Amino acid sequence: MADKKALVTGITGQDGSYLAELLMEKGYEVHGIVRRVSELQRDRIDHLFPDHWNPKMKIHLHYGDLGDSSSLLRILMKVQPDEIYNLAAQSHVGISFDIPEYTGDVTGVGVTRLLELVRSIDLPARFYQASSSELFGKVLESPQTETTTFYPRSPYASAKAYAFYLTRNYRESYGMYAVNGILFNHESPRRGKNFVTRKITWSLASIAAGRQKVIPLGNMDAERDWGFAKEYVEGMWRMLQQDEPDDYLLATGRTESVRSFLELCLDIGGFSYEKQGEGLNEKYIDTTSGNKLVEVDPYYYRPAEVDTLKGDASKARRELGWAPKTTLEELATIMMESDFKHFGLELPTKKSQVLSSASF
């Protein structure tokens, strides 16, 4: 029996790299779509390629863009995938306020292009759409489930809402196997450095190495449900293995504030610190050196904030057999250990010894 073929958009991102690893471990032939940029940014997937190209490789990359239907058609016709995972997007919530039109075109309308092409060429592929907990925005109930009403609070979330309903519409209108995975925040050492969790862990490592002085942060009161990205891609795959297509939510069910995550990482990094002030005057001082470690910068506040997100993944646990395993403390340690290692440092705590064999 020939290997299954999977097409992954956004393969060079955090989720795409972990998903590619998982699919290759399961024997898939993996194809990824990459955009043409002036400088290659594929460090998350470089380890998946052999030293020299050979025709038996299990992973292949194709130039394309969610904003360009012709490139998508060419790739779909050439690859003929069994499964499609649409992970590509303009995915930064804060930046979506600065580039709302581009965000809407790629994150929202890009899904239309993919689904319509799959339908038009009658490709019998199963389709996964990466939805987001940002859909719930100004939450109307807590915890949030698959039936909670959406209240998006950003151009990014609004585009994701369009993509969510369009995916469901193609499933119901044309009988396509198309599902939405509503994933709550999921982090890892591969997370982009402009996302708050990785910004914190990377910056603390940089401070410990003497390369940086202060971490500017925005809304410290924002509360999120944080999990480990490597575990969440397993849930994506399971969604496409069900007999009937349906939408699922993945989350840990635990919510912590940005402030709590910061203090957790400060403790893991062995910093002696003191919190001073409130609101815009809030800051953290290194009690050993007297230097300021963290300050609040209003630049990082959003025009409309999402205060608290907390997911109930009971349906995924019941129907997919999926459940998170890594605690927030373990996740923070994995990320801190990885970033400290980048600067040639070791964590001063003993916690990293438990996780030293983890694959980042």
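**Close-up views of a predicted model**

**View 1. Helix α4 and its buried residues.** In this predicted model, the buried residues of α4 are T103, V106, T107, G108, G110, V111, T112, R113, L114, L115, L117 and V118. Helix α4 runs over residues 100–120, which makes 21 residues. From the first C-alpha to the last, α4 reaches 29 Å, close to the 30 Å expected at 1.5 Å a residue. As you follow the helix along, remember that an α-helix has 3.6 residues a turn, so residues three or four places apart point the same way.

**View 2. The bend in α4 and what follows the helix.** Where does α4 bend? Look at V109: the bend there is about 40°. After α4 comes D122, and the phi of D122 is positive, near 55°.

**View 3. D15, a buried charge in helix α1.** Here we visit α1, a helix made of residues 14–25, where D15 lies. Although D15 is buried, it has no salt bridge. Which side chain of opposite charge is nearest to D15? That is R191, 6.1 Å away. Setting aside neighbours within four places in sequence, you can find L87, H186, A229, V233 and M236 in contact with D15.

**View 4. T287 in a loop between two strands.** T287 sits in the loop that joins β14 (283–286) to β15 (292–296). Is T287 buried or partly exposed? With a relative accessible area of 47%, T287 is partly exposed. Apart from neighbours within four places in sequence, T287 is in contact with S272, Y273 and E274. K275 is 12 residues from T287 in sequence, and their C-alpha atoms are 9.9 Å apart in space.

Terms used. Residues are numbered from 1 along each chain as its sequence is written. This is a predicted model: local features need pLDDT of at least 70, side-chain atom pairs count only at pLDDT 80 or more; totals for chains, interfaces and linings use all residues. Side-chain values use heavy atoms; hydrogens and water are left out. Helices (H or I, at least four residues) and strands (E, at least two) are DSSP runs, numbered from the N terminus. The expected span of a helix is 1.5 Å times one less than its number of residues. The bend at a residue is the angle between axes fitted to the seven residues ending there and the seven starting there. Buried means under 20% relative accessible area, exposed over 50%, partly exposed in between (1.4 Å probe, protein chains only). Lys and Arg count as positive and Asp and Glu as negative; His and the chain ends are not counted. A salt bridge is a side-chain nitrogen of Lys or Arg within 4 Å of a carboxyl oxygen of Asp or Glu. Contact means heavy atoms within 4.5 Å.
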